[in-house]
Amino acid sequence: MNKVLKNSPTRQTPVQVPRGLVPTPFHARLEPANITQDWMGWSGFLSARKFQSVESEYFAIRNQATLFDLSPMHKYRIEGPDALTVVNRLLTRDVRKLKDNRVGYAVWCDEDGSTIDDGTIFRFTDTHFRLCCQEPQYTWLCDVAWGFDVTLTDESETVVGLSMQGPTSYSVLKAAGFEGTEGMKPFDIHHFDDGIMISRTGFTGDLGYELWADAEAALPLYDRLMSAGKELGLRPIGYDALNMARIEAGFMVTGVEFQSIHHALRPTRGRTPFDLGLDRLVHFDKGHFNGRRALLQAKEKGPRYALVALEIDGNKPAHQALVYHKGKTEAGLITSALWSPICKRNLALAMLKAPYGIDITADLKVEIYHDKEGKYDRAMVPAKIVDRPFFNNPRRAATPPALC
Amino acid sequence: MANQYDAIVVGAGHNGLTAGCYLARAGLKTLIVEKNDWIGGAAVSRELHPGWTYSNCSYVCSLLRPEVARDLDLGRHGLQVTPYEGGLSFMENGDYFGYYADHDALRREIKRHSPRDADAYDRFSRFVLQQCRFIRPLLLRSPPDPVRMRPRDIQELLYLLKRFHDLGPRQMADTLRFYTASVADFLDEFFECEILKAHLAGSGIIGTGLGVYSPGTAYVLLHHYMGEVDGSIGAWGFSRGGMGGVSQSLAAAFKEAGGEIRAGNGIEKFLCREGKVVGVALDNGDEITAKTVVSNMDVRRTFLNHVEDGTLSDDFVKAVKRFKIRGSSAKLNIALDGMPDFPSLPKGTILTQGDMHASQSLDELEQAYDEWKAGRWSKDPYFDMLIPSLIDPTLAAPGKHMMTVFVQYAPYELANGESWDGPNRDAMAESVISKIAKYSPNFRDLIVHKEVRSPWDIEREVGLTEGNIFQGELTFDQLLFNRPVPGYAQYRSPIKGLYMCGSSTHPGGGVMAAPGANAAREILSDLGRGQRAA
């Protein structure tokens with residue numbers, strides 16, 4: 001007993017981690033730009049819900065160019081001789097087929113084939129990758145990489161990201177002096193001498209890029225883009241507008257469209273990539289990966305669920321509504337919904353339980369409640385399954401992109 | 001007719017009071033007898049030094065079943081449980097580990113100590129919550145009796161099996177491992193960070209005569225996580241006015257229902273005739289008759305001390321003797337003249353509002369247990385220290401504080417047959433105080449008064465055998481239909497009309513009030529007064 005303290009506690013000022021939401025490296029610019037001061041939490045960071053109005057920010061995505069602060073995304077560097085092997089064990093898709101300096105959309109599963117998260121894998125070389133995702137994955141990555149010669153680095157706080165999306169985004173890049181981007185196809189990566197990296201990726205289904213930099217370079221990058229985009233309509237946007245574009249583009253969000261198996265308390269809440277309609281991302285011919293055996297069985301049995309895109313009559317968004325077959329059998333629920341200003345349609349993503357959405361696709365109705373000044377009106381509104389994405393504009397993939 | 005009742009409850013602990021409430025509300029003329037001059041058993045608040053109120057025994061509240069609080073309208077009768085946030089472990093290197101309630105802050109804090117463990121904590125929480133979901137519905141149900149296998153037992157076993165099956169194949173395997181694992185092995189599966197593991201491991205040994213590496217202690221951790229404060233599962237709170245607030249609100253509900261409490265005389269024995277209970281004899285010679293008698297005392301005390309020899313079968317007596325109720329803990333209640341300084345903590349931190357520890361590693365905790373086995377109190381003890389007066393203004397004058405320190409390990413029987421009273425008790429207290437003083441230079445000077453309670457003190461005053469806080473250890477061999485004795489897990493005893501309602505019965509201790517409520521349900525079912533027992 002009475003062990004002598006190695007350092008006297010009185011000598012140093014005790015460290016204290018921040019409590020509550022903390023600013024991202026872009027906050028010094030975003031805070032004064034945010035007229036509404038409408039912030040939300042995203043992985044412990046302050047993230048804008050909107051800056052001025054959701055409508056104007058949404059139309060800036062489809063009409064001009066927008067900046068969205070991606071810094072709270074979790075980013076992991078996977079580097080070393082076994083990096084390709086580790087990434088291929090982690091993900092269900094075959095990363096050998098991904099070329100250097102390309103980005104791939106990916107999901108990963110536990111050994112029961114239930115999806116843990118989705119995200120993007122950046123392949124720089126076969127010994128250097130970056131995984132970008134919504135949920136923290138460091139512990140899982142450590143588990144997957146056990147015994148392999150790789151170094152895992154959590155870059156979530158040292159690397160920042162800005163998503164620049166919209167028809168004039170390429171013009172902003174040009175005006176900002178990012179040379180050599182005209183030949184970038186969707187999912188291409190381009191490195192610049194000053195350490196900035198650009199990928200032609202995004203979450204809007206529109207022309208757009210994501211710019212990545214060290215945290216110290218955040219503010220100069222932001223200023224450079226904003227000054228170049230001054231006459232091109234460039235403006236910062238919040239999550240609400242981005243989410244509208246995201247639904248139009250038909251992208252899913254972990255925790256919204258499906259529950260990560262690492263968070264689900266009920267084992268039946270797990271979803272395979274097949275349940276999510278991501279068959280194209282599961283490559284059985286690449287050797288072992290997490291969930292392979294379970295997914296082989298699942299493929300044989302057929303999906304238990306179907307994530308579908310719905311077009312719903314009327315103009316009332318079907319938030320959190322139930323979907324019925326022939327007006328009486330519950331077939332599933334709406335996970336995301338909006339009135340799409342660009343498609344001029346009432347859209348939704350829905351998780352249906354098999355056989356609905358697979359063998360039975362007709363006679364679906366959505367139960368929508370709307371508040372009529374203190375009285376709820378219930379309507380059973382016809383809906384039909386349509387292809388994703390809802391919004392598909394050729395400018396998304398045009399190479400070189402048009403200059404405006 | 002003054003000494004004639006429909007039902008007598010022996011012991012005014014929170015479970016006795018709870019059972020009494022349900023019986024009185026069902027219309028039974030109910031008496032609760034209590035040996036102490038005050039009520040509450042181990043859920044008690046007492047002012048032992050003018051101006052300071054101690055929660056003398058139990059000190060925090062989470063497991064109290066909300067169903068019972070609602071049934072008995074305890075809120076109206078004064079019960080108020082305020083959740084606390086935070087908690088910390090002091091570290092010998094001058095740092096500390098902060099257990100923030102804020103999820104983001106906790107993730108940052110764990111990352112500060114171990115980047116790998118930051119999101120492992122989410123997986124740990126998920127596993128524990130899954131186990132809570134499995135067990136919580138069982139708390140207010142009587143366990144099935146596989147010895148007797150009547151229709152109700154088969155039905156209840158099927159219910160249990162169905163819930164187990166609903167966990168899914170992987171969880172079923174994990175659950176069985178979990179119930180038999182040690183808390184150290186369990187934590188090792190998730191974490192690498194020593195201070196984090198040491199911080200969490202305490203929940204696995206509290207009140208238990210086992211070490212962190214002993215099989216069965218993982219469940220004890222779950223037992224401390226399965227409570228709630230207003231729907232927030234796993235949260236703990238302070239009862240306003242100390243833990244006596246729980247008993248006082250129950251007593252008020254009991255009296256409102258027409259019940260009567262006689263404090264100041266314990267029972268000499270249960271009066272039995274032809275295998276049936278007919279009443280109790282008090283230690284002042286009074287005899288009180290009733291056809292239903294409920295013992296809130298632990299199973300050992302009930303059947304070994306207060307039932308006439310020869311009344312019970314040898315097998316039953318043997319099973320009662322083998323039920324483990326081992327003393328393993330001690331308690332310090334301290335009146336402080338002000339808030340102690342903790343120089344290693346950030347100024348103004350909220351962490352001190354929660355549970356504070358100073359155990360550095362699982363090994364240190366295991367060594368503390370080694371001393372218990374040898375009949376010595378731990379020289380470097382585990383403690384669970386709180387300052388409820390930071391939240392509850394009723395416990396001490398403004399600026400003054402009440403500190404409660406739960407201490408482990410303290411054996412009931414000291415080596416060489418030494419007495420706890422006198423120098424040994426003082427020396428044990430000193431080992432705790434000097435450990436706290438390592439992290440707070442002005443702590444000693446602030447002590448105005450202290451109450452030191454060895455296992456002997458707890459046994460003598462509260463009546464808990466060996467001072468065991470759970471009326472019997474919460475290991476897998478003593479849970480469900482094995483608690484307290486196989487064949488007698490449904491609150492009945494071999495003596496007709498004599499029931500058990502203390503924490504020796506399912507689902508165990510921790511100020512849950514579930515044993516009391518479950519026992520009352522069985523009694524009323526036998527009397528044809530209640531709903532059929534589940």
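Figure 1. Strand 7 (residues 128–133) of chain A is mostly covered, with five of its six residues buried. Strands (E, at least two residues) and helices (H or I, at least four) are DSSP runs numbered from the N terminus. A residue counts as buried if 20 or more other C-beta atoms lie within 10 Å of its own, as exposed if 12 or fewer do, and as partly exposed in between, with C-beta atoms placed from the backbone. This is a predicted model, in which local features need pLDDT of at least 70 and side-chain atom pairs count only at pLDDT 80 or more, while totals for chains, interfaces and linings use all residues. Residues are numbered from 1 along each chain as its sequence is written, and chains are lettered from A and ligands numbered from 1 in the order in which they are written. Strand 4 (residues 74–79) of chain A pairs with strand 7 of chain A in the antiparallel sense over six bridges; two strands pair if DSSP finds at least two bridges between them. In strand 7 of chain A, C132(A) stands opposite K75(A). Strand 6 (residues 115–125) of chain A also pairs with strand 7 of chain A in the antiparallel sense, over six bridges, and R123(A) stands opposite F129(A). Strands 6 and 7 of chain A form a hairpin with two residues between them.

**Figure 2. Domain 1 against domain 3 in chain A.** Chain A is divided into domain 1 (27–73 + 157–249), domain 2 (74–154) and domain 3 (267–386), with bounds from an automatic or database domain assignment. The centres of domain 1 and domain 3 of chain A, taken over C-alpha atoms, are separated by 30 Å. Five residues of domain 1 of chain A are in contact with eight residues of domain 3 of chain A; contact means that the C-beta atoms of two residues, placed from the backbone, lie within 7 Å. On the side of domain 1 of chain A that touches domain 3 of chain A, helix 2 (54–63) and helix 7 (239–249) of chain A each supply at least two residues. Helix 7 of chain A gives the most to this side, with three residues. The residues of this side of domain 1 of chain A divide into three nonpolar, no polar and two charged. Here Ala, Val, Leu, Ile, Met, Phe, Trp, Tyr, Cys and Pro count as nonpolar, Asp, Glu, Lys and Arg as charged, and the others, Gly among them, as polar.

**Figure 3. Helix 9 of chain B.** Nine of the nine residues of helix 9 (residues 217–225) of chain B are buried, so this helix is largely enclosed by the rest of the structure. Among the buried residues are Y219(B), H223(B), H224(B) and Y225(B). The cover over helix 9 of chain B includes helix 4 (120–135), helix 6 (169–180), helix 7 (183–190) and helix 8 (194–205) of chain B.

**Figure 4. Domain 2 against domain 3 in chain B.** Chain B is divided into domain 1 (7–43 + 64–81 + 240–324 + 469–526), domain 2 (85–105 + 329–409 + 411–453) and domain 3 (115–235). The centres of domain 2 and domain 3 of chain B, taken over C-alpha atoms, are separated by 26 Å. The contact takes 19 residues from domain 2 of chain B and 16 residues from domain 3 of chain B. Helix 13 (362–373), strand 18 (382–386) and strand 19 (401–408) of chain B each supply at least two residues of the side of domain 2 of chain B that touches domain 3 of chain B. Helix 13 of chain B gives the most to this side, with six residues. The residues of this side of domain 2 of chain B divide into nine nonpolar, seven polar and three charged.

Figure 5. The peptide bond from R388(A) to P389(A) is cis, with omega near -10°, and P389(A) is found in the segment after strand 19 (376–386) of chain A. The peptide bond from Q408(B) to Y409(B) is also cis, with omega near 10°; Y409(B) lies in the loop between strand 19 and helix 14 (423–437) of chain B. S43(A), although not a glycine, has a positive phi of about 50°. S43(A) is found in the loop between strand 1 (38–42) and strand 2 (45–50) of chain A. Phi of F187(A), likewise a residue other than glycine, is positive, near 75°. F187(A) lies in the loop between helix 5 (169–175) and strand 10 (189–191) of chain A.
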